[in-house]
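Visitor: I would like to learn how to read the features of a model like this one. Please take me through them.

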Amino acid sequence: MTTSEGEQGGGAGAGQTPGGGGAARPEERLEQAVRAAEQALIEFEIAVETFRVEVENFSRLHEQKLGPMYARLEELDARILEARAARSEDPEDLRRADEARARLMPIPGVEELLNGWMDGDGLFPEAAAMLTDRPVRPPQRVRPSEEARKLYRDLARKAHPDLAQEDAERVRREEFITRVNAAYARGNEAELRELAEEWAAGPELKRAPSAGEELYARLEWLSRRKEMLTLVARELEEGAIGSMLRLAPDDPDGLLEEIAGRLQAQVTEREAELAALLA
């Protein structure tokens, strides 16, 4: 931002004296600060939402690829404890074995109650397929393309609800952004293009000037919103999946392969240990 000749000519008195031609300057500067804060918040929210989608996608792939291996390890650990308890007949060993086996058992009575449709881990895939008339298939891999990311960011900047000045406009923007987020989560580039065309053809908001009190209230709201998003971002980053994803943001598939290799080595060790105990 540059200083105009008029501002230079006004001197320090315009900024220090409440009356006269410089009276509007503090409010104008406050409005500029609000607009800058709005744009910064939007960029931050886009970054948080982008990372959230990446975490969800990686979580889906993680469960699909590594879930069975984790389950196999838990089963082997339980069988090893049971084999040790059978040998020692020590009450403490028996207790540990019972606890390990109990953690693997479904919630008592659930399967009988739901007639084989569901167990303690949730609805069976076969049951879900019967209810929806869809074939059983693994979770679909979703990773938005670079073009989808670009479209999403552009739409979020233009249509973000924080840019609304009226309740009706905010509702319209919130509904639209919900559709944008859903399309981005699916990685649907074509749908994002259609939404961009829809927004371009829609009504354009006329930005009304804000009073000083409204500007201060707006800044306070933006500050609270930023604090909330900071907590969301921290939870995503510090979560198990987010922490793993941050280790290899450019090659998550390679990270999964590396983890799978380590888990397979652990499975092999546990199988050998169990075989020795049962021999």
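**Helix contacts, cores and a loop**

Guide: Start with a helix pair: E147, A148, L151, L155, K158 and A159 in α6 meet E189, L192, R193, L195, A196 and W199 in α8. Contact means heavy atoms within 4.5 Å. Helices (H or I, at least four residues) and strands (E, at least two) are DSSP runs, numbered from the N terminus. This is a predicted model, where local features need pLDDT of at least 70, side-chain atom pairs count only at pLDDT 80 or more, and totals for chains, interfaces and linings use all residues. Residues are numbered from 1 along each chain as its sequence is written, and side-chain values use heavy atoms, with hydrogens and water left out.

Visitor: At what angle do the axes of α6 and α8 cross?

Guide: Axes are lines fitted to C-alpha atoms, for helices over the stretch in contact, and angles run from 0 to 180 degrees between N-to-C directions. Angles under 35 degrees count as roughly parallel, over 145 as roughly antiparallel, 65 to 115 as roughly perpendicular and the rest as oblique. The axes of α6 (residues 146-159) and α8 come within 9 Å and cross at roughly 25°. That makes α6 roughly parallel to α8.

Visitor: Which hand does the crossing of α6 and α8 have?

Guide: A crossing is left-handed if the near helix is turned anticlockwise from the far one by less than a right angle, and right-handed if clockwise. The crossing of α6 and α8 is left-handed.

Visitor: How do α7 and α8 run relative to each other?

Guide: Their axes come within 9 Å and cross at roughly 160°, with α7 spanning residues 167-185 and α8 residues 189-201. The two helices are therefore roughly antiparallel. On the α7 side, the contact includes F176, V180 and Y184. On the α8 side, L192, L195 and W199 are among the residues. This contact has seven nonpolar, no polar and six charged residues.

Visitor: Which residues touch the most other members of the largest nonpolar core?

Guide: A nonpolar core is a set of buried Ala, Val, Leu, Ile, Met, Phe, Trp, Tyr and Cys residues joined through side-chain atoms within 4.5 Å. Buried means under 20% relative accessible area, exposed over 50%, partly exposed in between (1.4 Å probe, protein chains only). In this core of 25 residues, V55, F58, L66, L255, I259 and L263 touch the most other members. Two or more residues each come from α2, α9 (212-238), α10 (240-247) and α11 (252-278). The largest share, eleven residues, is from α2. Another core lies apart from this one, with 18 residues, among them I42, A156, L195 and W199.

Visitor: Is E45 buried or exposed?

Guide: E45 is buried, with a relative accessible area of 17%. Its place is in α2 (residues 25-88). Not counting residues up to four places away in sequence, E45 touches H160, D162, R225 and L229.

Visitor: What is phi of E89 near?

Guide: Most residues other than glycine have a negative phi. Phi of E89 is near 55°, a positive value in a residue other than glycine. E89 sits in the loop between α2 and α3 (91-104). E89 is exposed, with a relative accessible area of 62%.

Definitions and conventions
Nonpolar A, V, L, I, M, F, W, Y, C, P; charged D, E, K, R; others polar.
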